[in-house]
Amino acid sequence: MGYTNRIVVIGGVHLDILTNYIDNTANTNFRDGTISIGIGGVGFNITANLKYNNFINARLFTVINNPEESFSGMLIQDALRKRGMLTEYVKIDNRDFVSEIGFIGVMNGRNDFEFGITFTGIDSFDFNERDLENAITDSEVVVIDCNLESIQINTIREFCRLHDKPLFICSVSENRVARALKFESKKNFIYKAFSLNRNEVRKAVEQQPKLHAWESFHKKSDIKSLCNFFHTEHLIITSGQEHYIIFSSSGNRKDGCRFNIPGVISTLGADDALFAAIVAYYTKHQDFNWDKCQDMMRTFLTKVLRSHTTTPAIEKKRSCRLSG
């Protein structure tokens, strides 16, 4: 019997460039502030969190630009090596150079996110289906993010169904959640768990009047309808740094508050860390007891959010002037 990975994470990794301008210069043509550079991406964050301190075996299935020709590819490859992440599932994109794989985000002085521009590369890459299926069959649990294109998600879903692998999915933005919902199937629950934030839920259900009041749902029938809409057994909805709700297809609801953790290095990717803890709990227990899972989430987050090698920490930070 061959070596089996416990978790494979199929998702994006990219160069993060975050700008933060000073409020009192917001109405000028040039804004004083800072630029921070690091490595992020939902797939990368989740894998790094799971890998931390050899907590649980997880491997990243992703694509990066050729490190010999690309600035982002070189930095990403270096970050993977520094964290001791295995790279046999990391594919090199040798197509004619189109763009660096990266995310540029703009925040104001209150750390409120204003807008971002991203190119992950993974949704336009033609993965070899045999490689993809082998990665899935060699794993106990499969995790994906909505950076993938709809057809890629469909292919992964089919492999998971064929090989009876639990599938977890984590979203990244309002305009990409729809990718995870585009499919035809007689099976109600495609995903073991689906994690997304409050704004993403609102956007997804805007054409579903019966689901608009989801935040007040306590009736089992309403909760089941919400889970059915997202085709998931468990729906994890986050709300910034303050609160999260877990709806289960059994009709149960679990409300939780974010943990007050001292010494946090970076809150970037905190939702990814929360999701990683949930995936890890399921992988270890093959089921969910949300009270016990919450205890594990607290322990897990306390460790990873204070580490430089898990959720994206700032690699470089410089003062700057932004053209407005």
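## Aromatic pairs

The count comes to twelve aromatic pairs, with rings of Phe, Tyr and Trp (its six-membered ring) pairing if their centres lie within 6.5 Å. Planes under 30 degrees apart count as stacked, over 60 as edge-to-face and the rest as tilted. Phe-229 and Phe-230 form an edge-to-face pair, 5.0 Å centre to centre with 85 degrees between the planes. Tyr-281 and Phe-288 are stacked, at 6.3 Å and 10 degrees.

Phe-230 has a relative accessible area of 0%, so Phe-230 is buried. Buried means under 20% relative accessible area, exposed over 50%, and partly exposed in between (1.4 Å probe, protein chains only). Tyr-281 and Phe-288 are both buried. Ring pairs also link these two into a cluster with Phe-168, Phe-275, Tyr-282 and Trp-290.

## Model and conventions

This is a predicted model: local features need pLDDT of at least 70, side-chain atom pairs count only at pLDDT 80 or more, and totals for chains, interfaces and linings use all residues. Residues are numbered from 1 along each chain as its sequence is written, and side-chain values use heavy atoms, leaving out hydrogens and water.

## Helix α2

Helices (H or I, at least four residues) and strands (E, at least two) are DSSP runs, numbered from the N terminus. Helix α2 spans residues 71–82, twelve in number. From first C-alpha to last, α2 reaches 17 Å, close to the 16 Å expected at 1.5 Å a residue. That expected span is 1.5 Å times one less than the number of residues.

Which residues of α2 are buried? They are Ser-72, Gly-73, Ile-76, Ala-79 and Leu-80. Seen down the axis, these fall within an arc of 130 degrees, so they line one face of α2. The arc is that of the directions from the helix axis to the C-beta atoms. On the other side, Arg-81 and Lys-82 are exposed. The cover over the buried residues includes β2 (14–21), β3 (30–40), α1 (42–51), β4 (58–65) and β5 (90–93). Gly-84 follows α2, with a positive phi near 70 degrees.

Helix α3 (residues 129–137) buries Leu-132, Ala-135 and Ile-136. Their arc around the axis is only 100 degrees, which puts them on the same side of α3. At the start of α3, a side-chain oxygen of Asn-128 comes within 2.8 Å of the backbone nitrogen of Arg-130.

Ser-150 lies in helix α4 (residues 150–163). Its relative accessibility is 11%, so Ser-150 counts as buried. Not counting residues up to four places away in sequence, Ser-150 touches Arg-179 and Lys-182 (contact means heavy atoms within 4.5 Å).

Notes: Polar contact = N/O pair within 3.5 Å; in protein donor to acceptor, adjacent residues only side chain to side chain.
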